[in-house]
Amino acid sequence: MSVKDEIKISFPASSENECFARTAVSAFISRLDPHIDELADIRTAVSEAVTNAVVHAYRERGGMVYITVKIIRDRTVCIHIRDKGCGIEDIEQAMTPLFTTAHNEERSGLGFAVMESFMDSLSVRSKKGKGTCVCMKKKLQEKEITDGFS
């Protein structure tokens, strides 16, 4: 894995910063000139992962969200979104569509399913009481070169 470029950002875990995270990640990878649908997929997956950290990891009590984005030479984007929140007791159960731990709000329980559907790969590591890391990858398509007459 030959890393071409990398950024690391951190910010307070608040719902207001979900938009910032989505925008920062998409701005960083935009220089690869991804297709619009690829960029939308990544933005949505980042939004879901950050929202999970805010709502579930810290349960709206605050903390920090850490994002690392790596661009690999073969146009693969690797995104790690990490928190130091409560952790996930049963990752398999948490990744089951419609499962949610939010009892006081209307949540669909589709966050991981959405991330998985928009990215090429998704893995989740977590330790109870230590936090969670969501690792996502997406290989961007090569851009077609046109002569302008098509």
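**View 1. Cysteines C135 and C133 in the predicted model.** The sulfur of C135 lies 3.7 Å from the closest cysteine sulfur, that of C133, which is too far for a bond; a disulfide is a pair of cysteine sulfur atoms within 2.5 Å. The structure holds 0 disulfides. C135 counts as buried, at 10% relative accessibility, whereas C19 is partly exposed, with a relative accessible area of 36%. Buried stands for under 20% relative accessible area, exposed for over 50%, and partly exposed for values in between (1.4 Å probe, protein chains only). This is a predicted model, in which local features need pLDDT of at least 70 and side-chain atom pairs count only at pLDDT 80 or more, while totals for chains, interfaces and linings use all residues. Residues are numbered from 1 along each chain as its sequence is written, and side-chain values use heavy atoms, with hydrogens and water left out.

**View 2. The largest nonpolar core and M136.** A nonpolar core is a set of buried Ala, Val, Leu, Ile, Met, Phe, Trp, Tyr and Cys residues joined through side-chain atoms within 4.5 Å. The largest one has 35 residues, of which V46, V50, I67, I79, I81 and M136 touch the most other members. At least two residues each come from strand 1 (3-12), helix 1 (17-29), helix 2, strand 2, strand 3, helix 4 (111-118), strand 4 (121-127) and strand 5 (131-139). Helix 2 gives the most, with 9 residues. Helices (H or I, at least four residues) and strands (E, at least two) are DSSP runs, numbered from the N terminus. Leaving aside neighbours within four places in sequence, M136 is in contact (heavy atoms within 4.5 Å) with residues including A45, V46, A49, I79 and I81. In soluble globular proteins, nonpolar side chains tend to be buried together.

View 3. Helix 2 covers residues 36-57, and its 22 residues should span 32 Å. The expected span is 1.5 Å times one less than the number of residues. The end C-alpha atoms of helix 2 are 31 Å apart, which agrees. R59 follows helix 2 and has a positive phi, near 50°.

**View 4. The aromatic pair F11 and F20.** A search of the whole structure finds 1 aromatic pair. F11 and F20 form this pair, edge-to-face, at 5.6 Å centre to centre and with 85° between the planes. Rings of Phe, Tyr and Trp (its six-membered ring) pair if their centres lie within 6.5 Å; planes under 30 degrees apart count as stacked, over 60 as edge-to-face and the rest as tilted. F11 is buried, at 4% relative accessible area, whereas F20 is partly exposed, at 40%.

View 5. R75 sits in the loop between strand 2 (64-72) and strand 3 (76-83) and is buried, with a relative accessible area of 12%. The side chain of R75 reaches the backbone oxygen of Q141 at 2.7 Å. R22 lies in helix 1, and a polar contact of 3.2 Å joins its side chain to that of S47. A polar contact is a pair of N or O atoms within 3.5 Å; within protein, one must be able to donate a hydrogen and the other to accept it, and residues adjacent in sequence count only if both atoms are side-chain atoms.

**View 6. D83 in strand 3.** D83 is placed in strand 3 and is buried, with a relative accessible area of 7%. The side chain of D83 reaches the backbone nitrogen of G85 at 2.9 Å.
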